[in-house]
Amino acid sequence: MGDESPKPASTPTGAVFLSYASQNAEAAQRICDALRSAGLEVWFDQSALRGGDAWDRQIRERIHDCRLFIALISAHTEARDEGYFRREWKLAVDRTYDMLENKTFLLPVVIDGTPERGAAVPDKFHEVQWTRLPAGQTPLKFVTRIQQLLSGESPQSTTPARGPMAAISARSSRLSRASFSPSPHSIAVLPFSNITGSPDMDYLGDGMSEELIHKLTRVPGFRVPARTSSFAYKGRNANVRDIARDLNVALVIEGSVRTAGEHIRVTAQVIDARSGYHVWSQTYDRQLADIFVLQDELAGAIVEALRGDRPSVALREIISATPTHDIEAYQLYLQGNTLYSQPSVTNIRKAIELCNRAIARDPSFSRAMCTVALAHCVAGGTGWEAMPSALVHAEQNAARALAIDPALADARGVLGMVYACRRKWPEAEEYFRAALSVAEINPLTAQTHAIVLLASVGHLREAMREAERAYRIAPALAPVLMVHAALHCFAGNDAEALKYTDFASAHGWPTNVRPFPHIRAQVAVRAARYSEAAQWIMEALSDPSSPTEFKPAEVEPLVTSVFRAYADPAARKEALAIMRKFFADRGADLVKTHSLPRYLMHWSVVFGDLDLAYLVGNRALDYFDSQGAMRPTSFIPQLWIAELRAFRRDARFRALATRLGLPLYWQRYGPPDAHDTQMTTFGASS
């Protein structure tokens with residue numbers, strides 16, 4: 001609405017207020033039309049003139065009376081630091097302070113590629129789920145969600161917990177207040193705030209926190225959660241006590257960094273989360289060139305404050321170790337590491353470039369090598385880099401890093417991923433176990449072990465335990481939550497799967513990025529909500545993070561026929577004919593995609609065509625063999641779900657499992673959980 005003038009009609013009870021900048025009028029019109037076509041009342045006006053005080057008063061009344069407030073966010077709203085739409089946003093936010101905490105009212109909708117992180121919107125907008133409707137294209141599931149919210153129903157498959165901490169407070173009582181009993185010297189180091197005024201300087205605050213974590217971890221008797229666990233709260237308005245309870249720590253360190261030219265000011269404070277009191281604080285003013293000395297001084301002061309005595313000479317030597325002595329290499333690494341933690345095709349490529357420049361300046365910079373290795377793993381898994389090339393670069397950099405610093409657990413985790421993608425499961429297991437043998441494990445390594453290796457080899461119970469371990473140490477990390485959801489879905493625990501997808505969405509996981517739509521589709525199919533399932537399948541097959549997927553128009557006829565067959569068994573013969581023709585025509589391209597092989601195999605089994613299911617599976621393996629590697633979490637983990645029992649019982653399963661290299665793992669670590677395979681000669685029950 002923003003720059004537009006309202007009509008004189010009053011806002012109906014239960015109406016939707018649509019707020020938008022004038023440049024977004026076309027997208028707003030599409031959303032309005034979709035909602036109105038479902039019989040919903042929408043306040044949306046296209047008048048070009050405003051009417052002074054009377055106009056302003058009407059806007060205030062409509063925002064006060066509406067049931068839902070939809071705010072369109074785009075590059076246009078980001079570019080405008082003034083606009084009437086911003087006043088509308090403020091009025092809507094002000095109204096929320098008079099509402100129940102769990103009442104859904106604000107609905108931010110992004111209509112282009114504007115990222116949620118750092119968006120120029122009120123803080124309250126970051127406390128609720130964002131929806132993406134590119135160019136205002138409005139799917140039925142969004143309309144259904146609005147209908148449910150207006151009717152007072154609790155949407156079963158789309159509405160997440162409200163607020164960034166709501167998902168945490170709503171989870172199981174396992175981490176309740178009663179179980180909060182941290183050790184006295186357990187410390188979480190939060191990302192230091194960048195108060196320089198330029199987002200480009202975020203890396204300095206991140207680097208200060210990361211280095212404190214590395215230094216304090218070396219102090220005997222201290223327990224410090226890994227960087228990944230504490231950095232999950234970056235940019236969130238989370239209460240320190242809630243964070244401490246999540247991470248089971250007694251103390252929280254937070255701070256800020258400000259730079260001006262070559263000058264840096266760092267403020268740090270230690271908070272006792274049990275009492276809420278500050279137990280130590282200090283401000284340091286130094287030259288940027290002295291940042292390593294500053295980090296040593298800061299870590300030493302914190303250790304002294306918490307232990308009550310000055311660190312010994314030996315301890316000071318331990319905590320004074322630096323990752324590099326080259327200040328420029330260090331800054332390049334910090335910039336690259338910050339970009340790596342915000343994955344996109346541009347950021348990952350830039351992260352690799354910056355860290356390689358850091359390594360060129362300091363060939364012994366093992367942490368920079370580890371970040372390069374991790375970034376190549378991400379690039380290969382998403383299709384941003386050819387998988388064989390990505391694995392070679394990841395392996396080389398991880399091996400170099402370990403040769404310099406054998407204590408780098410993340411580098412061992414990278415090698416676990418590399419060997420799993422090459423289907424060398426026993427070797428992968430050894431690397432993962434080594435990476436997870438340290439005191440404070442990286443939760444991302446644990447969840448990768450769970451979904452990439454354990455789920456693939458059919459050890460779903462152990463995978464769930466590993467995912468649970470990752471969740472205990474990083475309950476606010478969206479990737480950990482999504483893996484938890486996926487494993488619950490594999491196990492048929494649909495209510496839990498939905499709960500954890502909601503948690504992940506509330507913590508920033510986009511609803512159109514896998515495995516979110518995969519999980520939602522599977523749950524909807526099991527509940528016989530076939531129209532909803534088809535929409536989620538289309539989302540899954542249009543995953544913007546994967547450049548190899550088909551265009552929606554190419555797969556829509558296939559998806560339509562499949563879900564017509566789900567609803568009407570008499571249509572299954574026709575659906576199978578369409579599936580077979582699709583595979584005959586497009587099989588060479590289909591096996592390169594992330595999602596289509598798994599779906600075509602799944603649908604073939606459900607509709608009774610095991611021949612087609614095995615044809616697709618073996619053709620996909622042919623492609624993997626030609627590449628020398630497969631993407632993590634391709635179609636293999638889904639082999640163990642209940643719906644594919646007939647596939648596992650077929651005599652051909654033995655040959656397929658052998659091609660996958662699974663028997664070698666089972667011989668060493670035990671058979672799969674499923675007792676319905678044709679693997680009796682390898683120790684599995686028939």
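Strands here are DSSP runs of E with at least two residues, and helices are runs of H or I with at least four, both numbered from the N terminus. The model is predicted, so local features need pLDDT of at least 70 and side-chain atom pairs count only at pLDDT 80 or more, while totals for chains, interfaces and linings use all residues. Residues are numbered from 1 along each chain as its sequence is written, and side-chain values use heavy atoms, with hydrogens and water left out.

Select Ile 187 to begin. This residue is found in strand β6, residues 187–189. Ile 187 is buried, its relative accessible area being 0% (buried: under 20%; exposed: over 50%; partly exposed: in between; 1.4 Å probe, protein chains only). Its contacts (heavy atoms within 4.5 Å), leaving aside neighbours within four places in sequence, include Phe 222, Val 249 and Leu 306. Next, display Ala 273: its C-alpha lies 9.8 Å from that of Ile 187, although 86 residues separate the two in sequence.

Turn now to the largest nonpolar core, which has 185 residues. Such a core is a set of buried Ala, Val, Leu, Ile, Met, Phe, Trp, Tyr and Cys residues joined through side-chain atoms within 4.5 Å. Helix α20, residues 478–490, supplies the largest share of this core, 10 residues. Select Leu 487, one of the residues with the most contacts inside the core. Not counting residues up to four places away in sequence, Leu 487 touches Ala 450, Ile 451, Ala 455, Ala 463, Met 464 and Ala 467. Another core, of 25 residues, lies apart from the largest one and includes Tyr 84 and Val 128.
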